[in-house]
Protein chains: 2
Amino acid sequence: MADPSTSPPLTRASVFEARELIKGFVHHTPTLTNATLDRLASTPAPAPLTGADGTAGRKPANPRIRLYFKCENLQRIGAFKIRGAFHAVERLKREPGWEEGGGRERGVVTHSSGNHAQALALAARTNGIPAHIVMPTISAAPKIAATKGYGANVVFSGSTSVEREAVVAKVVEETGARLVPPYDHPDIVLGQGTLGLELQEDARDIIAAAAGAEPSHSKNIPAEHGFRAAVTTPKLPESKKTNPSLDAILAPCGGGGLLSGVALSCEGTGVRVFGCEPWFEGADDAKRGYESGKRVEAVSTLTVADGCAPRWANVSEDEIIAALKLIYERFKMVVEPSSAVPLAVALFNEDFRGLVEREGGEDGWDIGIVVSGGNVNLEALGKLFAPKDG
Amino acid sequence: MADPSTSPPLTRASVFEARELIKGFVHHTPTLTNATLDRLASTPAPAPLTGADGTAGRKPANPRIRLYFKCENLQRIGAFKIRGAFHAVERLKREPGWEEGGGRERGVVTHSSGNHAQALALAARTNGIPAHIVMPTISAAPKIAATKGYGANVVFSGSTSVEREAVVAKVVEETGARLVPPYDHPDIVLGQGTLGLELQEDARDIIAAAAGAEPSHSKNIPAEHGFRAAVTTPKLPESKKTNPSLDAILAPCGGGGLLSGVALSCEGTGVRVFGCEPWFEGADDAKRGYESGKRVEAVSTLTVADGCAPRWANVSEDEIIAALKLIYERFKMVVEPSSAVPLAVALFNEDFRGLVEREGGEDGWDIGIVVSGGNVNLEALGKLFAPKDG
């Protein structure tokens with residue numbers, strides 16, 4: 001990882017620069033729409049509300065919502081993480097003295113049992129750089145195999161963060177490899193932010209096209225099913241908005257790198273950014289950290305992104321599973337369970353929906369949804385979808 | 001259903017005419033490629049073969065295969081059936097005397113517990129025609145709800161075909177509705193065949209584009225993941241073929257309407273058509289019927305399609321599940337288990353693979369794969385993917 005002091009400033013312009021650097025290595029993934037999900041999102045919940053989230057008894061919100069799904073499940077390695085990893089490596093290659101000092105031979109190292117492991121392994125292999133990936137011994141066999149499949153040297157560790165960091169330190173000592181952390185670094189944040197730029201541009205094209213004439217073969221076709229953007233111009237609920245831009249983007253919080261990058265990509269555009277989290281077992285750490293003023297380390301970069309600090313929205317596990325099922329049934333698309341969190345917010349979070357109703361009014365809001373990845377364990381997925389009594 | 005004697009002849013030209021009739025009502029679904037699946041299909045099985053299908057001890061075939069997936073899971077109602085249903089209704093509207101004789105008011109009727117029920121319900125509703133759908137009382141609740149959701153009058157029956165046909169006869173007697181059967185009718189066959197035309201044209205475009213220059217943003221990007229066609233021109237294993245057309249299409253047998261239609265769409269083109277079936281519990285009825293000369297009623301139209309009689313290829317249940325998992329994991333796409341049968345043939349059927357090796361040689365074959373539908377029961381899917389010991 002390049003020394004953070006040599007990183008570009010955390011601004012929207014730097015996200016554009018990051019895009020130039022990684023352009024040859026990542027997919028511009030499709031942005032897709034789905035009329036059924038728009039209809040569901042634009043229908044009030046049945047009254048009376050009975051939620052455990054403080055909304056009980058309130059009148060259900062009645063927003064108008066049009067959704068634009070940024071499909072990073074169709075990205076290389078099946079997740080957005082490839083953007084940050086390629087950007088980090090490109091930045092490292094440009095660090096003064098790295099190449100001359102033998103940095104390429106010494107390689108890179110990280111600890112991850114998930115998508116970042118595969119992302120860094122691929123980015124390193126593409127550049128002919130050795131990658132050492134520290135994974136807990138208890139990692140699922142397919143994840144270990146996938147990481148090795150991208151040519152990385154997998155080093156095992158215990159599963160606590162102390163144990164993992166000790167092994168990383170040992171690898172660094174022995175090999176001189178440079179650490180590329182999964183999210184808490186400006187180069188990673190700027191790389192992930194590139195998907196925010198694509199989402200804004202794609203949505204603008206779709207909104208503008210929907211306002212104009214439709215191609216003849218899509219006439220009279222309600223878009224019950226997904227991937228319309230690949231085929232025909234989608235038919236959207238009518239809007240009188242004169243500016244064909246998104247009103248908001250909903251992104252998962254995760255480690256904060258994606259959310260920070262998306263926030264930067266919206267800087268100065270007026271697009272509101274919402275971080276979406278489960279409110280299950282204290283997983284809403286980002287929201288609590290933000291509200292208490294004590295920032296979680298992982299999202300510390302947010303405070304630097306002046307003028308584009310995201311807001312937070314939480315949903316329950318049941319709401320996430322309901323949204324996940326809709327993505328499978330209606331979009332026919334395979335996504336990771338965590339990727340359903342932003343859609344769950346649009347469909348079920350009454351605070352968010354009330355805000356859209358108040359601020360969007362008759363025209364409603366055009367909302368970007370970040371679908372972060374599609375690397376599922378089919379057996380675990382099977383259990384999630386199997387009947388509860390089974 | 002229009003009287004078959006008034007139907008157009010079963011020729012490729014009639015499939016083009018059918019396409020004109022249904023153009024405003026069905027999606028031109030995407031045709032997608034996937035480099036990982038091409039690589040897998042172009043890799044020999046581990047030797048020695050141990051198959052129970054007569055291949056034990058044989059040298060594994062080593063074909064070169066490039067696949068083109070026609071994604072009817074992204075079609076309206078989630079399956080190709082909508083094509084035949086809309087075509088049947090359009091033909092009915094053109095039957096002399098139907099409109100004047102009050103045919104529209106009397107409506108249409110069919111018996112189906114699956115995709116044809118929803119397809120006919122939607123085609124009828126779109127045309128303001130009442131639809132009566134006879135479904136067994138044991139049908140899954142979501143299927144009944146979906147069919148009612150398209151505005152159809154659902155009539156229940158016993159589950160044997162005798163019981164179902166008796167109820168249909170009663171509905172016809174009481175309402176004067178016209179029967180639209182699920183597959184065994186020229187109008188249905190011609191409607192389903194339209195997907196064969198699209199597949200041939202799309203594949204030709206992709207093959208021609210791959211032979212030329214690629215857009216800059218897809219350079220150096222191996223297409224590990226699906227839906228490339230929506231984004232960039234896919235990079236295919238090199239071929240010296242001068243004719244950018246498919247060598248073969250693999251389609252599920254099912255009721256025979258789809259397979260017959262696809263065969264017609266290839267008439268005179270040189271594209272070979274293969275019907276793909278499980279060889280589980282005698283389900284290879286089409287193959288046996290064909291070989292014995294005693295045709296199964298359902299596929300009787302095949303004999304009319306002179307010069308384009310399909311061949312058959314069978315695969316085991318385990319091979320189908322392996323192909324299904326690859327579609328979920330690599331394409332990130334939700335498909336019905338039966339839609340994985342053609343891919344299973346390309347990956348695992350040694351007779352088919354040997355044929356491709358012999359006839360395709362160095363250049364290999366470009367093979368269209370019909371992905372017939374994506375309407376899955378997530379709970380059943382969960383059980384399929386759950387660990388065997390779970």
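Q: What makes a residue one that Ile320(B) touches, and which residues are these?
A: Contact means heavy atoms within 4.5 Å. Leaving aside residues up to four places away in sequence, Ile320(B) touches Pro278(B), Val315(B), Pro337(B), Ala340(B), Val341(B) and Ala344(B). Ala344(B) is 24 residues from Ile320(B) in sequence, with their C-alpha atoms 5.4 Å apart. This is a predicted model, in which local features need pLDDT of at least 70 and side-chain atom pairs count only at pLDDT 80 or more, while totals for chains, interfaces and linings use all residues. Residues are numbered from 1 along each chain as its sequence is written, chains are lettered from A and ligands numbered from 1 in the order in which they are written, and side-chain values use heavy atoms, with hydrogens and water left out.

Q: Why does Ile320(B) count as buried?
A: Buried means under 20% relative accessible area, exposed over 50%, and partly exposed in between (1.4 Å probe, protein chains only). Ile320(B) has 8% relative accessibility, so it counts as buried. Its place is in helix H11 (residues 317–331) of chain B; helices (H or I, at least four residues) and strands (E, at least two) are DSSP runs, numbered from the N terminus.

Q: How do you know that the span of helix H7 of chain B agrees with its 15 residues?
A: The expected span is 1.5 Å times one less than the number of residues. For H7(B), residues 161–175, that should be 21 Å, and the end C-alpha atoms are 21 Å apart, so the two agree.

Q: What makes S8 and S9 of chain B a pair, and in which sense do they run?
A: Two strands pair if DSSP finds at least two bridges between them. Strand S8 (residues 272–278) and S9(B) have 5 bridges, in the parallel sense. Ala313(B) in S9(B) is the bridge partner of Cys276(B).
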